[in-house]
Amino acid sequence: MTIAEVQGSEEPTPSKAEGRRSGGMPPLLRYLIVRVTLVPLMIWILVTLVFLLMRVIGDPITAALGGRLSPEQIEERKAAAGLSGPILGQYWDYLRGILHFDFGHTLTDNRSITDIFVVNGLATLELAFWSLIVAFLIGIPLGRVAARYRDRSSDVVLRIFSIVVYAAPVFFLGLLFKLAFSPFGWPVAGRSSIETEIALSNVTPQTHIMILDAILWGNPDYVWDVLQHAVLPALTLGLLTGGVFLRLVRINLIGTLGADYVTAARARGVPERRVIRKHAFRNALVPVVTVMGMQIALLLGGAVLTETTFEWQGLGYTLAQYLIKRDFIAVQGIVTLFAIVVSIASLVIDVIVAFVDPRVRF
């Protein structure tokens with residue numbers, strides 16, 4: 001048998017076989033196309049569920065304003081809000097409004113829901129940013145320590161700590177922090193003091209992100225005031241996610257430390273610190289990036305309780321206020337935005353992970 005015959009009789013490698021099954025399309029590209037295609041379907045299902053759940057309560061106008069307005073005024077409000085027609089017509093108007101980023105106006109104060117997204121949504125984004133910083137500062141270093149000293153006293157303490165901060169209700173942690181820090185004069189409510197808020201309302205251009213507005217104003221006292229007000233809410237919400245990161249980093253770093261290439265590095269005499277930092281730690285972070293997409297939804301859910309506890313006027317706080325007022329049009333719009341943000345954030349995280357980890361494929 002000639003060399004050419006031997007080469008011709010070789011079995012195709014898995015990558016070649018996979019390429020043939022996909023019609024020559026690279027696996028990464030196929031994964032990205034499928035993932036992007038699924039996002040509109042996911043958003044459509046979520047916004048449809050929100051619409052149907054809001055209709056389960058009955059007529060939102062009557063639920064919010066019944067007893068305070070006459071029947072004639074109720075009917076006028078329903079006609080103005082487009083709620084007097086057939087349910088399918090209302091559903092079509094609802095979808096068309098979302099496509100044009102028009103979510104209507106609130107019932108109780110006639111405020112544009114799009115304006116709520118811009119003003120209060122950026123406040124929630126700021127809180128999520130501070131919370132993620134706290135989560136990374138707590139979860140990743142402590143996860144490394146727990147993995148390095150596996151099954152020792154420090155590892156046991158850190159595991160118990162991660163379980164406690166994850167299982168404890170967010171509002172309970174927030175109340176504990178308020179009780180602990182308020183005797184020392186630390187700010188425990190709002191995004192800034194009244195003086196700072198009034199001054200920053202005149203900043204041009206106004207970003208509605210308090211720390212950026214304080215930096216644009218150029219007064220260090222305002223920057224420090226904003227940072228002080230952000231500490232406790234960020235610590236409360238960040239501990240929840242930090243507990244998840246700690247356990248993830250620990251368990252994945254332990255698994256990575258048992259890999260063959262890590263054993264080979266140790267056999268070459270590489271110091272243990274360098275083995276962890278250069279060879280094991282980077283690969284152990286891949287699952288953490290994956291879980292970040294899910295943690296965004298957790299942060300948004302926790303933001304509702306955290307913002308209410310600390311009177312942080314973001315989307316969570318605003319949602320709670322409109323729930324109290326029974327303004328279900330506002331609730332529908334805010335919950336719809338949450339669904340869209342979580343879907344898009346999940347897509348972005350999945351794309352990042354697909355580039356980082358070649359094992360992630362359909």
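I116, F117, N120, G121 and T124 in α7 meet L315, G316, T318 and Y322 in α16. This contact belongs to a predicted model. Helix α7 spans residues 113-148, and helix α16 spans residues 315-324. Their axes come within 7 Å. They cross at roughly 125 degrees. An angle over 145 degrees would count as roughly antiparallel, and 65 to 115 as roughly perpendicular.

The cut-offs here are 20% for buried and 50% for exposed. The C-alpha atoms of V118 and G314 are separated by 10.0 Å. Along the chain, these two residues are 196 positions apart.

Now take the protein as a whole. It has 17 helices and zero strands. There are 362 residues, and 43% of them count as buried. Consider the contacts with a separation of 6 or more: residues 24 or more positions apart account for 70% of them. The accessible surface comes to about 19700 Å². Carbon and sulfur atoms hold 67% of that surface.

Helix α3 runs over residues 27-56, and helix α6 over residues 87-99. Their axes come within 11 Å and cross at roughly 135 degrees. That angle makes α3 and α6 oblique to each other. The crossing is right-handed. From α3, the contact draws on W44, V47, T48, V50, F51 and R55. From α6 come I87, Q90, Y91, Y94, L95 and I98. The contact of α3 with α6 has nine nonpolar residues, two polar and one charged.

D155 lies in helix α8, residues 153-167. Is D155 buried or exposed? Its relative accessibility is 0%, so D155 counts as buried. What is D155 in contact with, leaving aside its neighbours within four places in sequence? The partners are A146, Y149, R150 and R250.

The loops hold some backbone features to look at. Most residues other than glycine have a negative phi, and most peptide bonds are trans.

Start with the loop between α6 and α7, where F101 is found. F101 is not a glycine, but its phi is positive, near 55 degrees. At 43% relative accessibility, F101 counts as partly exposed.

E311 lies in the loop between α15 and α16. Helix α15 covers residues 286-310. E311 has a positive phi of about 55 degrees, although it is not a glycine. Its relative accessibility is 43%, so E311 counts as partly exposed.

Which form does the bond from T204 to P205 take? It is cis, with omega near -5 degrees. P205 is found in the loop between α10 and α11. Helix α10 covers 194-200, and α11 covers 210-217.

Notes. Residues are numbered from 1 along each chain as its sequence is written. This is a predicted model: local features need pLDDT of at least 70, side-chain atom pairs count only at pLDDT 80 or more; totals for chains, interfaces and linings use all residues. Side-chain values use heavy atoms; hydrogens and water are left out. Axes are lines fitted to C-alpha atoms, for helices over the stretch in contact, and angles run from 0 to 180 degrees between N-to-C directions. Helices (H or I, at least four residues) and strands (E, at least two) are DSSP runs, numbered from the N terminus. Angles under 35 degrees count as roughly parallel, over 145 as roughly antiparallel, 65 to 115 as roughly perpendicular and the rest as oblique. A crossing is left-handed if the near helix is turned anticlockwise from the far one by less than a right angle, and right-handed if clockwise. Contact means heavy atoms within 4.5 Å. Ala, Val, Leu, Ile, Met, Phe, Trp, Tyr, Cys and Pro count as nonpolar, Asp, Glu, Lys and Arg as charged, and the others, Gly among them, as polar. Buried means under 20% relative accessible area, exposed over 50%, partly exposed in between (1.4 Å probe, protein chains only). Accessible areas come from the Shrake-Rupley method with a 1.4 Å probe; for residues, only the protein chains shown count as cover.
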